[in-house]
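Please keep the sequence and the three-dimensional view at hand while reading.

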Amino acid sequence: MLEELQRVVDTLAHRLGRAVAVDDLDFRLLAYSAHLDEGDEWRARVILNREAPPEAHAWLRRQRLGRETGPVRLPADDDLGILPRVVVPVVYQDVRFGYLWLLDAEGSLTEEQLGLASEAAADAGAVCFRERVVSHLRAAREGELVRDLLSEDERVRGMASARLVEGGLFALRGDVTVVVARPLPVGTEGVDEDDRMALQAALNAASARLGDRGSLRLVRPDHAVLVMSSAVLRRSPELPETLRTTSLERLGPSAKWRDVHVATGSPARRLDEAVTSYAQALDALRVAEVVPSFAPLVAHDALGIYALLAGHPFDQLGSYGVHPAVRRLLEADRELFTTAELYLDKAGDARATAVGLGLHRASVYHRVRRIEDVTELDLSDGQHRLLLHLGIKVSRLLGLV
């Protein structure tokens with residue numbers, strides 16, 4: 001698309017003998033001609049940054065260009081370093097794609113020249129329309145194949161993996177990792193179609209930095225999925241946070257959402273094994289929802305013992321029951337429960353536990369004796385410690401704490 005837009009821009013610039021540029025609807029620069037006439041500070045900044053500066057954005061919004069259907073003359077603004085220019089909406093089949101710009105400091109553009117600019121804007125609109133159609137077809141095909149890639153059927157996964165690579169939709173570079181983003185509603189209202197469109201836009205924005213064929217995207221009923229090369233993720237470790245912030249922005253300021261949690265699965269050796277990384281990311285999301293210390297960004301590799309426990313449905317964990325020793329500890333004193341958990345997390349290191357709780361080491365020893373009295377377990381016994389440690393973690397997953 002960009003090459004075709006560049007040809008439209010260069011042709012018009014040659015015919016009019018002046019600089020031409022095309023922006024998208026957010027005033028991000030798509031194509032621009034050589035500097036053929038007097039420029040201004042705004043044009044220089046747009047070319048340098050590929051988009052209009054924030055103060056120019058506000059100025060442009062005040063011009064209400066979305067209502068215009070033909071060429072519009074805009075005045076100068078000395079404070080912003082803007083010379084007079086003409087803007088022509090880029091429209092095709094009543095769909096607006098952006099704006100075509102012409103500098104016109106002397107107001108010398110004739111009606112005939114404005115007509116040429118309108119024709120070029122229509123050509124640019126046709127280019128953008130074709131790109132949108134192709135993009136939608138590609139997204140539909142990609143989405144269908146990614147759904148198959150995450151199927152429980154091994155044969156279906158294998159065929160989807162081969163088609164994604166052979167069809168040029170994904171560049172295979174070693175192992176792959178799956179990142180999942182899930183919005184958390186405030187009430188019982190779930191994710192609707194508008195929300196899913198917002199998540200799709202967030203996926204597109206976050207994956208744009210991964211380059212062509214660098215990622216695969218899919219929006220499911222209540223979460224968004226991003227499949228990428230693990231090497232790419234290692235080079236861009238900020239991507240989960242970018243996906244979270246972008247999702248929050250796209251979903252919009254609303255009392256509907258508490259937050260967006262983003263989870264990263266462990267690397268899978270092959271593309272057709274991405275379903276394992278996906279399942280791990282979903283497990284990590286489940287843990288983050290009930291153990292807030294892991295939220296809002298959680299990696300399966302960082303879950304510790306929770307990674308093992310989360311592999312089972314939480315209701316199944318509940319059916320096994322919480323060991324009576326853990327229940328006695330919960331009923332006796334939540335402070336003792338917290339001490340027991342940290343003490344076991346620190347492998348029985350009383351000094352590290354004391355530092356974590358802000359206590360003297362003697363106080364930790366006293367609490368450990370009380371914990372043993374309440375639970376009727378011997379914390380010098382490895383089996384007893386494992387039983388209590390697992391029981392504590394299960395009780396957190398079940399929301400008992």
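## Overall form

The structure is a predicted model. The protein contains 16 helices and 10 strands. Taken along the principal axes, its C-alpha atoms fill a box of roughly 95 × 55 × 35 Å. The radius of gyration is 29 Å, whereas a compact globule of 401 residues would have a value near 21 Å.

Among contacts with a separation of 6 or more, 62% are accounted for by residues 24 or more positions apart.

## Surface and charge

Of the 401 residues, 45% count as buried. The protein exposes about 20,300 Å², and carbon and sulfur atoms supply 50% of that area.

The side chains include 50 positive and 60 negative ones. The centres of these two sets lie 4 Å apart.

Strand β8 pairs with strand β6, residues 176–185, in the antiparallel sense over six bridges. Strand β7, residues 215–220, also pairs with β8 in the antiparallel sense, over six bridges. Leucine 226 of β8 illustrates both pairings: valine 179 stands opposite leucine 226, and arginine 217 stands opposite leucine 226 as well.

With a relative accessibility of 2%, serine 230 counts as buried, because buried means under 20%.

Which residues does serine 230 contact when its neighbours within four places in sequence are left aside? They are Asp175, Val176, Thr177 and Pro267. For aspartate 175 the C-alpha distance to serine 230 is 5.7 Å, although the two residues are 55 residues apart in sequence.

Strand β1 consists of residues 20–24 and strand β2 of residues 29–32; the two run antiparallel and are joined by three bridges. One of the paired positions is aspartate 23, whose bridge partner in β2 is leucine 29.

β1 and β2 form a hairpin with four residues between them. In the turn, phenylalanine 27 has a positive phi of about 60 degrees.

## Backbone features in the loops

Where does a cis peptide bond occur? Such a bond joins alanine 295 and proline 296, with omega about 0 degrees. Proline 296 is placed in the loop between α9 and β10, the latter being residues 297–299.

Alanine 347 is not a glycine, yet it has a positive phi of about 60 degrees. Alanine 347 belongs to the loop between α13 (334–345) and α14 (350–357), and with 60% relative accessibility it counts as exposed. Glutamate 376, another residue other than glycine, has a positive phi near 60 degrees. The loop that holds glutamate 376 lies between α15 (361–375) and α16 (382–397). At 62% relative accessibility, glutamate 376 counts as exposed.

## Exposure and distance at two further sites

Arginine 67 is found in the loop between α3 (54–62) and β3 (72–74). Is arginine 67 buried or exposed? Its relative accessibility is 64%, so arginine 67 counts as exposed, the cut-off being over 50%. Arginine 67 and serine 151 are 84 residues apart along the chain, and their C-alpha atoms are separated by 46 Å.

Threonine 276 has its place in helix α9, residues 274–290. Threonine 276 is partly exposed, because its relative accessible area of 44% falls between the limits of 20% and 50%. The C-alpha atom of threonine 276 is separated by 15 Å from that of arginine 155, a residue 121 residues apart from it along the chain.

Key. Residues numbered from 1 in each chain as written. Predicted model: local features only at pLDDT ≥ 70, side-chain atom pairs only at ≥ 80, totals over all residues. Heavy atoms only, no water. Rg over C-alpha atoms; globule rule 2.2 N^0.38 Å. Buried < 20%, exposed > 50% of the residue type's maximum accessible area, 1.4 Å probe, protein only. Contact = heavy atoms within 4.5 Å. Areas by Shrake-Rupley, 256 points an atom, 1.4 Å probe, with all protein chains shown as cover. Lys, Arg positive; Asp, Glu negative; His and termini not counted. Charge placed at Lys NZ, Arg CZ, Asp CG, Glu CD. Pairing = 2+ DSSP bridges.
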